[in-house]
Amino acid sequence: MHTEVRMSTKIDQPAQNIKKAKFKKLLNNYQLYLFLLPALIYFIVFHYFPMYGVIIAFKDFIATKGIMGSPWVGFKHFERFFDSFQFWRLIKNTLGLSVLQLVIGFPLPIILALMMNQIRHEKYKRFVQTVVYAPHFISVVVLAGMIYVFFSNNGLINNFIMMFGGESISFMAKPEWFKPLYIGSGVWQETGWAAIIYLAALAGVSPELHEAAVMDGANKWHRILHVDIPAIMPTAVILLILSVGNIMNIGFEKAYLLQTPLNQPSAEIIPTYVYKMGLQQAQYSFAAAVGLFNAIINLILLVAVNKFAKKLSGQGLW
Amino acid sequence: MGLFAMNKTTRRSKEDKIFDSINIFLVAIMVILVVYPLYFIVIASISNPNLIYEGKVWLLPKDITFEGYQRIFSDSKIWLGYKNSIIYTFVGTLVNVSCTLMAAYALSRRDLYGRNLIMFLFLFTMFFSGGLIPTYLVVKNLGLLNTMWALILPKAVAVWNVIVARTYFQTSIPNELLEAAKMDGCSDAKFFWKIVLPLSKPIVAVMVLFYAVGHWNSYFDALIYLNNEDLYPLQLILRNILIQNEASTQMMSDIDSLAAKQRVSELIKYGVIIVASIPLLVLYPFVQKYFVKGVMIGGIKG
């Protein structure tokens, strides 16, 4: 702080002095730069090297020749992807899954937070919170395992259906059940956790607002609509931008675990396809091209949504 | 808190009473929906698998048996996976937390020249990445395949956690403290170690927990970077049992009939879910508040 003040008093002195002061500042803080070093190296090696490495999408990658030595092929891999019979199916599955997840998964935490916020009994409230946050900590493997045992032909769900005289459904073998299982398990696992941030925003609402509303004869329902919801709007907008901007980044991990040979037609999404093409079949360049295509669409969406939100509500990520 | 106090003193109208009853009822249903699947796993893991198969186990365990657990605990792969996961979680978290806190502290200092540029470099990786294949090639070229470092180094720092820790440092370490320490000739490293860290125990706890849970639960990095079974973490072993249906032959070598094998394999699945989740389930009630705190600090910034 005080170094800045010192600098500004020197503003009329020759440029050389300013440079010297800057250098001195760097030198004074050398320990802070050392603190930054491990993280900086990490980001360069594991994030910026791969960004450079993505040029193999425009080459025919040959392991022995390395990234530099492999021959350029332009947009060959992209063209192959766009022309493949998989292309539209992958787009449809990826977008379908993530849009559905957004439409269902986005409002639910808000509703849950509004409901939990209305609980007057503190102990009950804390109990509810402890319970609904818990599934967040279950690993994706265990979650998928639970889906398999519950939805197997003689699992909990089918036993329940049969108890009421229904017919057993082979959930894991039917393409049309992949999306509901994926989204439903996500709702079960993450709704409580995602509500935390809205609860925090609701806790920040001034009690006077509520008191004034009560004076004006507002009941709880009115107060939720006109006090609570406006209070969490800014948070909701930011989170909405983030999720729309990540719409193509749908989690690979759960989708891959929930895939069976039979539900493939609706369960294959771009990230799982990249994994199979790239790492299982070693078509590095092709898979890198598909991944790059995905990343660029995502980036475009994020920038667009951010711009749109800024125009609409005056808030954005940057 | 204020809201709660007010509610107590204000008389509720009839409408509000109805509202409250409906609300509590709906919340209770949601709690049941969350708890029941977890509860069912517990009772199913100690019930006779034939009765589960026939749909006769709903609320209480029936015909209690510990066969599943016996078979699980006699399996060497599970133990090896446990051991590996503990090592990876411990070493990984150590690397994560030290890199994250040091970087976050440096970035929290307003007098750090170039901090906006560095922050931008970090943040940009949240929105664009080279993708799976180029990252895999980097790990491969560094010779990390089939070593524990493949699970640790590529995940050394999470940008989001840097933001959370930085926000914490910025808001809870007063600048006067730094100035006073500087007057006394305290170096940055010493100040961080002797003053900042002791004042930041909550954020250290948050970071340790976030990262540790991440390591404990992850399977994907192990799937792509490891093919030596002796190095497999627990989650990958679990995947083989739960999803690939490889309820390892070792666990059921004494059973002949296919039908019986299938039933027992279901029993093992329920048990294995419990065994894998035990560390988190035991710790969760005690550490829950730290997780919530972490989310909230992140939320202020977001």
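The model is predicted, so a local feature is used if its pLDDT is at least 70 and side-chain atom pairs count only at pLDDT 80 or more, while totals for chains, interfaces and linings use all residues. Residues are numbered from 1 along each chain as its sequence is written, and chains are lettered from A and ligands numbered from 1 in the order in which they are written.

**Where the chains meet**
- Let's start with the pairing: 84 residues of chain A are in contact with 84 residues of chain B (contact means that C-beta atoms, placed from the backbone, lie within 7 Å).
- On the side of chain A that touches chain B, helix 3 (residues 30–53) of chain A gives the most, with 16 residues (helices are DSSP runs of H or I, at least four residues, numbered from the N terminus).
- That side of chain A divides into 59 nonpolar, 17 polar and eight charged residues (Ala, Val, Leu, Ile, Met, Phe, Trp, Tyr, Cys and Pro count as nonpolar, Asp, Glu, Lys and Arg as charged, and the others, Gly among them, as polar).

**Domains of chain A**
- Chain A has domain 1 (2–69) and domain 2 (76–313), with bounds from an automatic or database domain assignment.
- Taken over C-alpha atoms, the centres of these two domains of chain A are 37 Å apart.
- Their contact takes six residues from domain 1 of chain A and six residues from domain 2 of chain A.
- On the domain 1 side of this contact in chain A, four residues are nonpolar, none are polar and two are charged.

**Domains of chain B**
- Chain B is divided into domain 1 (15–73 + 248–301) and domain 2 (76–231).
- Here 13 residues of domain 1 of chain B are in contact with 14 residues of domain 2 of chain B.
- Helix 15 (residues 258–301) of chain B supplies the largest share of the domain 1 side, 11 residues.

**A helix pair in chain B**
- Helix 5 (residues 76–108) and helix 9 (residues 159–172) of chain B pack at an angle of about 50°, with their axes 8 Å apart (axes are lines fitted to C-alpha atoms over the stretch in contact, and angles run from 0 to 180 degrees between N-to-C directions).
- Helix 5 and helix 9 of chain B are therefore oblique to each other (under 35 degrees counts as roughly parallel, over 145 as roughly antiparallel, 65 to 115 as roughly perpendicular and the rest as oblique).
- Among the residues that meet are Leu101(B) and Tyr105(B) in helix 5 of chain B, and Val162(B) and Phe169(B) in helix 9 of chain B.

Technical notes: Contact = placed C-beta atoms within 7 Å. Helix = DSSP H or I, 4+ residues; strand = E, 2+ residues; numbered from the N terminus.
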